[in-house]
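Thanks, everyone. Let me put the model on the screen and walk you through a few places in it.

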Amino acid sequence: MTVEAETKLYDFLKANGIVFVRHEHPPVYTVEEAAQYWKDIEGTHCKNLFLRNNKGSRHYLVVMEQSKKVNLKELADKTGAGRLSFASPERLKRFLGLETGAVSPFGLINDRNKEVIVVLDKSLKRGGKINFHPNINTATVTLSYADFTVFLEKCGNELLYF
């Protein structure tokens with residue numbers, strides 16, 4: 001991703017009164033790689049999965065605490081999605097404007113048609129602070145959970161909890 005994608009996000013956050021802290025680190029592509037850089041960053045660290053239904057007609061962004069595992073069959077049952085699988089890098093780019101390794105709810109600012117359904121781990125509500133990539137994988141952004149809910153409201157995508 002480009003510096004422009006990150007700057008676009010920061011402009012959006014500032015315009016909506018969302019306070020954040022940026023933490024720079026080397027590029028990371030998995031939760032395991034990122035963990036070594038997160039040790040001094042306060043808050044809940046998240047894993048984000050971009051999924052599609054079996055017809056490719058619905059797309060889901062699953063946001064959960066980084067150590068949790070997700071059962072795609074159970075998630076499909078809870079969302080009524082039918083069979084779920086990982087969406088391609090092309091779909092990730094088309095719907096969220098993101099590259100592999102930078103999947104983040106912040107990509108919702110690029111979903112102009114509100115086609116992506118956000119599936120949020122309800123245990124995240126307990127956290128005071130929450131962390132995501134800022135649409136690039138060379139940084140982590142920390143914000144309060146309350147500000148994250150403001151972000152989601154401003155984006156306007158359908159939201160489900162699991």
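Start with Asn137, which sits in the loop between β6 (129–132) and β7 (139–144). Helices and strands here are DSSP runs, H or I of at least four residues and E of at least two, numbered from the N terminus. Before going on, the ground rules. This is a predicted model: local features need pLDDT of at least 70, side-chain atom pairs count only at pLDDT 80 or more, and totals for chains, interfaces and linings use all residues. Residues are numbered from 1 along each chain as its sequence is written, and side-chain values use heavy atoms, with hydrogens and water left out.

Is Asn137 buried or exposed? Buried, because its relative accessibility is 11%. The cut-offs are under 20% relative accessible area for buried, over 50% for exposed and partly exposed in between, with a 1.4 Å probe and protein chains only. A polar atom of the Asn137 side chain lies 2.8 Å from the backbone oxygen of Val28. Contact means heavy atoms within 4.5 Å. Leaving aside neighbours within four places in sequence, the contacts of Asn137 include His25, Pro26, Val28 and Gly101.

Now a contrast. Thr100 is in the loop between α4 (89–96) and β5 (116–120). Thr100 counts as exposed because its relative accessible area is 52%. Beyond four places in sequence, Thr100 is in contact with Tyr29, Pro89 and Leu92.

Next, helix α1, residues 3–15. α1 has 13 residues and reaches 18 Å from first C-alpha to last, close to the 18 Å expected at 1.5 Å a residue. That expected span is 1.5 Å times one less than the number of residues. Which residues of α1 are buried? Ala5, Glu6, Leu9, Tyr10 and Leu13. They cover an arc of only 135 degrees around the axis, so they lie on the same side of α1. The arc is taken from the directions from the helix axis to the C-beta atoms. Their cover includes β1 (21–24), β7 and α5 (145–155). The face turned away from the buried side carries exposed Val3, Glu4, Lys14 and Ala15.

Last, the core. A nonpolar core is a set of buried Ala, Val, Leu, Ile, Met, Phe, Trp, Tyr and Cys residues joined through side-chain atoms within 4.5 Å. The largest has 30 residues, and Leu108, Phe148 and Phe151 have the most contacts inside it. α5 gives the most to this core, with 5 residues. Phe148 touches Pro105, Leu120, Ile130, Phe132 and Leu143, not counting residues up to four places away in sequence.

Conventions
A polar contact is a pair of N or O atoms within 3.5 Å; within protein, one must be able to donate a hydrogen and the other to accept it, and residues adjacent in sequence count only if both atoms are side-chain atoms.
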